[in-house]
Amino acid sequence: MVKHGLQRKIQYGILVFLGLCFLLPLLWIILASFDPNAQQGIKMPSTWTIQNFKDVLGDSSNLRSFGVGLILSGGQAILVVVVSVLAAYPLSRYEMRFKKSFLLSILFMTALPITAVMVPVFQMFLFFKMQNSIIATMLFLTASSLPYGIWMMKNFMDSVPIDLEESAWIDGASVWNGLRRIVAPLMLPGIATIAIFTFSGSWGNFFVPYILLQTPEKLPASVTIYQFFGSHGMVEYGRLAAFSLLYTMPSVVLYIFSQRYMSKGFSMGGATKG
Amino acid sequence: MKRKAPGSFLFLMPSVLLLLVFFIVPIILTICFAFTNMALTGAAAKSLEFVGFQNFINMFHDPDFRISVWRTLVFLIFSAVIGQVLLGFILALLMKEKNVTFRRVIGIIVIAGWVTPEIVVAFCMVAFFSDNGSLNQILGWFGANPISWLFSFPMVSVIIANIWHGTAFSMMVYQSALDDIPKEVEEAAIIDSATGFQIVRHITIPMVKGSIVTNMMLVTLQTLGVFTLIYTMTGGGPGTSTQTLPIFMYNQAFVNYQFGYGTAISLVLLFIGIIASLFYMRSMKVKV
């Protein structure tokens, strides 16, 4: 089948071309980060150096911005997991009068663009004097990823058989203990997935901290990077590239981690089974 | 066996409280503030007044608003519908039944763009499109003169950036949808000597139609809210040439301090989002 073979070759050719298009901007940032004289165009460094990384990590204000990001996103991920496990429990286990409408509103909220509520949220923060508060920002971020967290958590919890809890109840365990000792451990993959999703989503979030936080000491890495290349002009490409790569690392590492659990998540089957 | 639980509202309390304070209240505030002259500067800053539909009347007479709606549409159609949804589908389709290692390498490259945070994508893309950037460098090899992409074709630049960042999601959705198609169906078509294009058109696409619709709604909703990428790449400029609705809203509220007007624009954005969400929920055929 000559025609078939040719067709395959063309398909491989298109894929290689598309792959190169996707690779180019990434390759630039990697090469630039190891180049002492990095430019905007892509080029092989004449000498390789890790000085850029040393400079970024040697600067205490950079480290602090990573720390703030870690507190914001980490705190948010923990809160989302705890709050959504609690909410998912009755939604998964009990009959409730408003369950259906509650779940539908949750699903509805998962799809709303958060950008649209930023102006009133800012006004609210101003009114309650919460602007520039890391805790309040974390709580807002928590709320913004809760709908998705609850929806996913309920689906994960539905797949844990209720028989195990019932036998624990017969042995005298309370509902709370049943949730803590039996359901939660069985759901660890689901919990990990939600925590990772929440963390990565907020680690990369620029808009929310940019609006709600003001003083330089409280800004997470996402905003600091912008201040580097936005207002000061792009001078130190190498260092900025190194900063960006370091900042991207947690997302990449967590993505690789979550692969184990996520393989089925993309069929969207989980979401439709309600 | 499901039972009624008297204490279950205690479990729901924390989430209801958080959603109420940070989700429901802001949405209600949006609706209220959109009808006021709220501002941080000028005469309106001193006296907050109910102005009825004035903000909306101003909005629809504001050429900047109308052109922002138009730009949002262009951005949605080219970067979401044509870009991510179509390119994602083509990638998934082409990668089907290819060498496993090859597939994996291409997959990792595309997904890397998706895993990269928006702000880093913006930085990479600003460098890529800059006067001395990689794109002009490569075009130079073919003898083309350098072009100031971000200045002359800012919309094209942000659209390409969003495609680069978002396509992996669609690709992954379609890959798992395509994997679910039973092999026999396509094999039977090949025996009936159907061409590749016919198979895709009459068998593959109808079988993954559900995924296509759901994914298209999700990508559209996501793209509707895109702020970071455009704001950090072009700041909405040059001039107002990349000012989509979220950027317009930001400029009115946080640059001009016209909060009432800014909120009215949020409400429009929210309204579009609500319509799209409802379509999205319908397309998923949810059973609760």
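**A serine to start from**

Guide: S84(A) is a residue of helix 3 of chain A, the helix that runs over residues 60-93. Please keep in mind that this is a predicted model.

Visitor: Is S84(A) buried or exposed?

Guide: S84(A) counts as buried, since its relative accessibility is 0%.

Visitor: And which residues does S84(A) touch?

Guide: Leaving aside residues up to four places away in sequence, S84(A) touches L146(A), G149(A), I150(A) and M153(A).

Visitor: Which parts of chain A are annotated as "transmembrane region"?

Guide: According to the UniProt annotation, which comes from an unreviewed entry, the "transmembrane region" label covers residues 12-34, 66-89, 101-128, 134-151, 186-212 and 237-257 of chain A.

Visitor: Switching topic, how many disulfides turn up in the whole structure?

Guide: The search over all chains finds 0 disulfides. Taking C21(A) as a case, the closest cysteine sulfur belongs to C124(B) and lies 15 Å from the sulfur of C21(A), which is too far for a bond, because a disulfide needs the two sulfur atoms within 2.5 Å.

Visitor: How exposed are C21(A) and C124(B)?

Guide: C21(A) is partly exposed, with a relative accessible area of 36%, whereas C124(B) counts as buried at 2% relative accessibility.

Visitor: Let's move to chain B; how many helices and strands does chain B have?

Guide: Chain B has 14 helices and 1 strand, and its C-alpha atoms fill a box of roughly 75 × 70 × 30 Å along the principal axes. Of the 288 residues in chain B, 56% count as buried.

Visitor: What about contacts in chain B between residues at least 6 apart in sequence?

Guide: Among those contacts in chain B, 69% join residues that are at least 24 apart.

Visitor: And what is the surface of chain B like, in area and in charged side chains?

Guide: The accessible surface of chain B comes to about 13400 Å², and 69% of that surface belongs to carbon and sulfur atoms. As for charge, chain B carries 16 positive and 12 negative side chains, with the centres of the two sets 10 Å apart.

Visitor: Backbone next: where is there a cis peptide bond?

Guide: A cis peptide bond joins G237(B) and P238(B), with omega at about 0°. P238(B) sits in the loop between helix 12 (228-234) and helix 13 (245-255) of chain B. As background, most peptide bonds are trans, and most residues other than glycine have a negative phi.

Visitor: What is the phi of E97(B), and where does E97(B) lie?

Guide: E97(B) is not a glycine, yet its phi is positive, at about 55°. The residue belongs to the loop between helix 3 (63-95) and helix 4 (100-115) of chain B, and with a relative accessible area of 47% E97(B) is partly exposed.

Visitor: And what is the phi of Y257(B)?

Guide: Y257(B) also is not a glycine and has a positive phi, of about 60°. Y257(B) is located in the loop between helix 13 and helix 14 (259-284) of chain B, and it is partly exposed, with a relative accessible area of 34%.

Terms used: Residues are numbered from 1 along each chain as its sequence is written. Chains are lettered from A and ligands numbered from 1 in the order in which they are written. This is a predicted model: local features need pLDDT of at least 70, side-chain atom pairs count only at pLDDT 80 or more; totals for chains, interfaces and linings use all residues. Side-chain values use heavy atoms; hydrogens and water are left out. Buried means under 20% relative accessible area, exposed over 50%, partly exposed in between (1.4 Å probe, protein chains only). UniProt positions are given in the numbering used here, feature names are shortened, and annotations may be inferred rather than shown by experiment. Helices (H or I, at least four residues) and strands (E, at least two) are DSSP runs, numbered from the N terminus. Contact means heavy atoms within 4.5 Å. Accessible areas come from the Shrake-Rupley method with a 1.4 Å probe; for residues, only the protein chains shown count as cover. Lys and Arg count as positive and Asp and Glu as negative; His and the chain ends are not counted. The place of a charge is taken as NZ of Lys, CZ of Arg, CG of Asp or CD of Glu.
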